[in-house]
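Dear colleague,

Please find below the structure that I am handing over to you, together with its sequence. My notes on what was found in it follow directly after.

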Amino acid sequence: MNSFKTLNNVAGWIVFAISALVLGFAAERTGSLWDCGEFISGAYKLQVVHPPGAPIFLLVGRMFAWVATLLSSDPAMIAFSVNLLSAICTAFAGTFICWSATILGRLALVGRDGELTSGQSFALAGAGVVAGLTTAFCSSIWFSAVEGEVYAMSTFFTCLTLWATLKWYQLPNTADADRWLVFAMFGVALSMGVHLLSLLTFPALAMFYYFKKAKNVSVMGTLSAAFVGVLFIVGIQYFIITGIPRFWAFFDKLFVNSFGLPFYSGIVAVLAIFAAVIYFGLQYARRTNNGLLQRLIVAVGLVTIAYFSYGTVIIRAMANTPINMNDPSDPMRLLPYLNREQYGERPLLYGPDFDAKPIDVISEPRYGRVGDKYSVVDEKVDYVYPANSKVFFPRMSDYSQGRPKIYRDWIDKKSGAITVADHFEFFWKYQIKWMWWRYFMWNFSGRQNGDQGYYSWDPSAGHWITGFDAIDSGWIGNSEALPEFQKNINQANNKYYMIPFFLGLFGMFFHYKRAPRDFAALMSLFIITGIGIIVYSNQPPNEPRERDYVLVGSFFTFAIWVGMAVLGIYQLLAEKAKMNGIVPGALATVVGLVAPFLMVTQNWDDHSRAEHTGSRDYAKNFLESCQPNAIIFTYGDNDTYPLWYCQEVENIRTDVRVVNLSLIAVDWYINQLRRKVNNSEPIKMSIPAEQIRGFKRVQIPYTTEPGKAKEMSLKDVVKFLGENHPVPSGSGSRDFDSYLPSHLMYIPVDKEAIYKNNIVARGDSSRTVVDTIHMNLGEKTTYIIKDQLAIMDIITSNIWDRPIYWAVTCREDRLMGLEDYLQLEGLGLRLVPVKGRSQQEYGIVGSGSVNTDLAYDNIMNKWSWGNFDKKHLFVNKSYLPSLQTMKLTMIRLGRQLVIEDKKDKAVALSDKFFEVFPTMNFAHDQFSAYMADNYARAGNNEKAAAKVREIAKQAQEQFQYYDAQEPRFKTAYKQDMQFLMGTVQTLMGTAAQMKDQALMQELEKQFEPYMPKMPPGGNLGQ
């Protein structure tokens, strides 16, 4: 027994050491994309991140960030340190899965009381190592292990909870052993300060409890135990997670409004109630000698104490940190923050589909601090739908972002009423097969590429593969014909040849045969952390990113069975081949290790981010595109959170104020703009805070008849909108606070101010300063919302004092009709009193004019390129919006440089383009063709011809790939082929412009089999 204990410990620490080294070396050295910039900034300065706050993650992350500041003066080390926290958490998760596998394996081999032979001991240790390493190197788990986000720590706590429960489960049935159950509950409690995934272990834990304690196990008893586990989830969610803040909000409102006590005094009553329940509960358990009740109350007490980590959220919100999401600075604001009300709700078991029309709205008041009392400042609005529009198990309910059409595409039903059967069809085709099974097979069979998969019928992106082309060609086409340059940049083509999958199936079979009860409990964990999450999240199609990271519970559960395959192979060798000693265990371990070996070797080139700096660098490029003390409007996660990281952690351009247009529609965010942050002065705004509080001015109607609007000063319009001019809503609900008096506005130009602030240089003959800037929101406008009001206020209040920019990744409808008065200076469009000629073919990048001197200097001297210009690295498609806008900016600038006869700069810019987007990381595309064309426009025909031939070679190989596909797959590539044809037309247009007949004939011969008879030329303005 002691020898196995030592061997077991060694196995666990081997898993930890290998996992920590691999993942530590793979960790990103700076901030990453998506929410990582926010979380690293939040950890570094203990700031308030988006709901529900993750205080435990931030507190532990703060300690890692602090150590980084002690060891290095490089601020990027702070991010690296927080990323290492994720790597270490994942390594520990692998360790706990290793020990969980050995516990379950031992029970399957010899039960609680049996003695292990040396061969069984070795095989068990091998099973643990295989399970642990398989967990650590799962694609979805590895993804979160190298970045500063909550999912790795959440996985750690979930694995810790499972291991603690199984450790209790294997011990004799004594009261003393129950301390491990209490510890498991404490692990769940701490995890609530990170993520709620650990709660999903309760049904499995309840089943393990029942199997150990029950004298006679039955199917009904097992199901009842699982149901009790579900009740635990509901109870903790209702009484602890939302219950504590709900009690606090109730008592605080009572004490403040009725008794005149100070704000926050309600916490005293909450603490007293919980302390009394725990104290008297323990007293009762002691009097009645009820050990189970005692341990249960202790566990609930630990859960409550751990949950009070959320107190740091209010404390830091009161400090008004630079990042203060939702400003949950009192219990009234804390409750909707923890309930994640800003994200809305999706019906789960009963509700309407996307075609249903609401017949009414119901509102629930939301209180906030007004003076020395709590008053109604906002409301939560829900739609009421007719009963006949609701169905059981609604899966298609999101009517936004064009999703109704996408729903119908998935069920192949272009029109007609949606039935219950349709909902189940979507559930099966999309939510199960595409959003769970596909992710599951990514991790245990293989992955086609790193492109996001939106549709199962699109063969080009996001599929799982077996690694055997003869099989995979059935759904991804002929991959053997893929051009060599595509294979070179497709590092995410990971082939495991289904070995982990089949080992897991074999391990499942072994576990079921040897320990069916334990198998049932583990299977419940597998289902609830996989399909259960799919049912609960009710995901709509075309999410902004792949969502595999939320399903890791089912992946590490399956990894346990992958490890158990070692025991099954050991049994076969020992019983069928009559092998003795440790030899069969060693052979079985070697076979089992094939799975994690394939995973780590196949995943390394696309999962390692050790040399990636793209998120930080591309964010820096946005900031460096701005003049000092600028205001820049941004829109999406990836052009906001990385910018916050740059400023908050690496102190890059802290004078620039980033204003996120996704957040500015709420009062707390608008009010935070009025304060100084880092080196950025407060943004001046004219509308008082009380006039935009809560539901005020959420929607402002415009009812002027077409053709009758009179142009008004923007300053006067904003002043009017900030005043009370009530308008009946017409629906019986609350009146509108004001109305928009005109869609036509103007801004008088203060020429002295623009020369003084160098908005336009005095005497600059190339830029004609207008007397008036004209805004037009459009005659078809029916209303504006609070974010548009805030933008208008910021413009009129700051236009002559601070540079105002829109990021080139913003929505064009938020340019407020000012397109022609914008000036491209990099990744920012600056509002200037110069009317330019917008070029719509460039999209938002084509707005207004181009300041060639500023844009050229920014790109050539200030921009950074993510290390993708120097190393052969995997370029995640999440970078695509930034990449496309950087390329378009360089193309437009290059053409403008030619127009202004700055041809040397135009050639240098083209050189820069091909240097920073090398073919080792980026396939040539239509943007490459435009930059090759720029060489010709600038008179450098030699470089133009060389690039045209290089791009044409790749295009020909791409056409050959499409031509090698079956007809059903060619249809799916139709749009890609159109883009490729556009590229070839641009190349031909370049050759024609150079009057290079030999090159023209070469291209015509090269592409004659693929191209329709069309005149040469691209689709960008000439």
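Predicted model: local features only at pLDDT ≥ 70, side-chain atom pairs only at ≥ 80, totals over all residues.

**Valine 420 and its surroundings**

Apart from its neighbours within four places in sequence, valine 420 is in contact with Val391 and Phe392, where contact means heavy atoms within 4.5 Å. Valine 420 is found in helix α17; helices (H or I, at least four residues) and strands (E, at least two) are DSSP runs, numbered from the N terminus. Its relative accessibility is 36%, so valine 420 counts as partly exposed; buried means under 20% relative accessible area, exposed over 50%, and partly exposed in between (1.4 Å probe, protein chains only). The C-alpha atoms of valine 420 and glycine 585 are separated by 52 Å, and the two residues lie 165 apart along the chain.

Residues are numbered from 1 along each chain as its sequence is written, and side-chain values use heavy atoms, with hydrogens and water left out.

**Helices**

Helix α16 covers residues 403–411, and seven of its nine residues are buried, so the helix is largely enclosed by the rest of the structure. Those buried residues are Arg403, Ile406, Tyr407, Arg408, Asp409, Trp410 and Ile411. They pack against α17 (420–444).

On the α10 side the contact is made by Gln237, Tyr238, Phe239, Ile240 and Ile241, and on the α11 side by Gly243, Ile244, Pro245 and Arg246. By class, this contact has six nonpolar, two polar and one charged residues (Ala, Val, Leu, Ile, Met, Phe, Trp, Tyr, Cys and Pro count as nonpolar, Asp, Glu, Lys and Arg as charged, and the others, Gly among them, as polar).

**Sheets**

An open sheet of six strands has the order β8-β7-β14-β16-β15-β17, with mixed pairing; two strands pair if DSSP finds at least two bridges between them. Strands β8 and β17 (849–850) are the edge strands, each pairing on one side only. Strand β7 (residues 631–634) runs parallel to β8, and four bridges join them. Isoleucine 632 stands opposite valine 658 in β8, and the bridge partner of phenylalanine 633 is valine 659. From strand β8 (residues 657–660), Arg657 and Val659 point one way and Val658 and Asn660 the other way; all are buried. Between β7 and β8 the chain passes through helix α26 (residues 641–648), and this β-α-β crossover is right-handed, a term used if, with the strands pointing away from the viewer, the path from the first strand over the helix to the second runs clockwise.

Another open sheet has three strands in the order β10-β11-β12, again with mixed pairing. At its edges stand β10 (712–713) and β12 (772–776), each with a single partner strand, so one side of each is left without a neighbour in the sheet. Five bridges join β11 (residues 744–748) to β12, and these strands run antiparallel. Leucine 744 has asparagine 776 in β12 as its bridge partner.

**Backbone points in the loops**

Most residues other than glycine have a negative phi, and most peptide bonds are trans. The peptide bond from proline 51 to proline 52 is cis, with omega near 5 degrees, and proline 52 is found in the loop between α2 (36–45) and α3 (55–71).

Asparagine 678 is not a glycine, yet has a positive phi of about 55 degrees. Its place is in the loop between α27 (667–672) and β9 (699–701), and asparagine 678 counts as partly exposed at 29% relative accessibility.

Methionine 816, also not a glycine, has a positive phi of about 60 degrees. Methionine 816 is found in the loop between β14 (804–807) and β15 (822–824) and is buried, with a relative accessible area of 1%.

Yours sincerely
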